[in-house]
Amino acid sequence: MNASLNFSALDLDSGTSSGADSQRIMQHYHRSVKVSIIIVLGVMITLGNIAVLLVITSSVAGWSRSSRYFLLSLTAADSAFGLLVMPLNLWVSLVKDYTDGPDWLCHMVAFCNATVYSTCMYTLAAISLERYIAVLYPLKYSSLMTRKRTLLLIAFSWCFPPCLLVPISFPDGIIQVHFSTASLVCNPSYSTNVAYSLSLTCVIFFPCSIVMMYANIRVWYAAKTQRRKMRQFERVCRRRHNMASRVLVPVMAAYFICWTPCMAAMIYNALSGSTVPEWIEFVVVWLPTSNGFLNCIFYFWINKSFRRKFYLVMERLARGLCPALVNTLGCCSPSKTPFVSGMLNNNNNSVHERSSSVSSTCTLMTLA
């Protein structure tokens, strides 16, 4: 009888160990998939924003100096996702023991995460405000969006979030931070201070969302009104109204799809004290970073001037690195295309003071 009991105990122990091994294998597999997704997303964001930097650091037809400042700020904020947020969190996931409690490293990484996220939202709101002024008040744009005011808006977008989020950086502060194995991110435990968590959403997410929604709706409505008032130019007005829809609708849809689930999960965590399921947490935490790649598409690649200038920059780089290959492929020289050559030699002195974020929408208030 003792032998049978010992045999049953051995079977139970072997079953428990095999179950634990299979669970560890599944956890390792899920972690590998998550790391691969994060790396691919980081590479896409980095390459996309490098292409943007190559273009907007030079002059682009129809883009003002103030507009380029705003776009440089947006590109820097988006690039921080791929160059700062993702490497830091992946590094912590490799070096940190999951059994350890909160430490200064996780607090600093969480502070960087929250700062970059907030800066990106404030920058998007500032670009929407600039677009609103450029389209609704084109004659006052130069006086309203001066260089000083532009730099002040950009400075506010970058300096206010760190001041607001500085409590996250203190290990013994009011906000506790833990490393989440579900999202591979150092997350603040917002449930420990519900008032502070809700105040963050009220000061960052909701104001930025209201500014973006109001500005983009007004611009879209202006395009619709322009079409209705000028029916003798029906074809031109219809084209411009459709252009506004193609730009503004994807911009707003991408913003709310990427940011709303993350904010909703944060509020749910603060109010209920519980977390969402593993993969849902991973998706909602990393979804806002994909907005850094979508911004490259909606704010830049839709614009024909940007695409044309990008091709010219790439051709210049190719001619500088391997001119023989370019000549073999038969690429045209900028000197053989007067229009393109003029664009290359164009500078900011000939650029109209219009919004660069969606410069195509600025033509809504004028006739061709």
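Biologist: In which helix does Thr123 lie?
Modeller: This is a predicted model, in which local features need pLDDT of at least 70, side-chain atom pairs count only at pLDDT 80 or more, and totals for chains, interfaces and linings use all residues. Residues are numbered from 1 along each chain as its sequence is written, and side-chain values use heavy atoms, with hydrogens and water left out. Helices are DSSP runs of H or I with at least four residues, numbered from the N terminus. Thr123 belongs to the run of residues 104-136, which is helix α3.

Biologist: Is Thr123 buried or exposed?
Modeller: Buried means under 20% relative accessible area, exposed over 50%, and partly exposed in between, with a 1.4 Å probe and protein chains only. Thr123 has 1% relative accessibility, and therefore counts as buried.

Biologist: Which residues is Ser290 in contact with, leaving aside its neighbours within four places in sequence?
Modeller: Ser290 is found in helix α8, and because its relative accessibility is 15%, Ser290 counts as buried. Contact means heavy atoms within 4.5 Å, and, with those neighbours left aside, the partners of Ser290 are Leu41 and Cys258.

Biologist: How are α2 and α8 directed relative to each other?
Modeller: Helix α2 (residues 65-95) and helix α8 (residues 278-301) pack at an angle of about 150 degrees, with their axes 10 Å apart. Axes are lines fitted to C-alpha atoms, for helices over the stretch in contact, and angles run from 0 to 180 degrees between N-to-C directions. Angles under 35 degrees count as roughly parallel, over 145 as roughly antiparallel, 65 to 115 as roughly perpendicular and the rest as oblique. The two helices, α2 and α8, are therefore roughly antiparallel.
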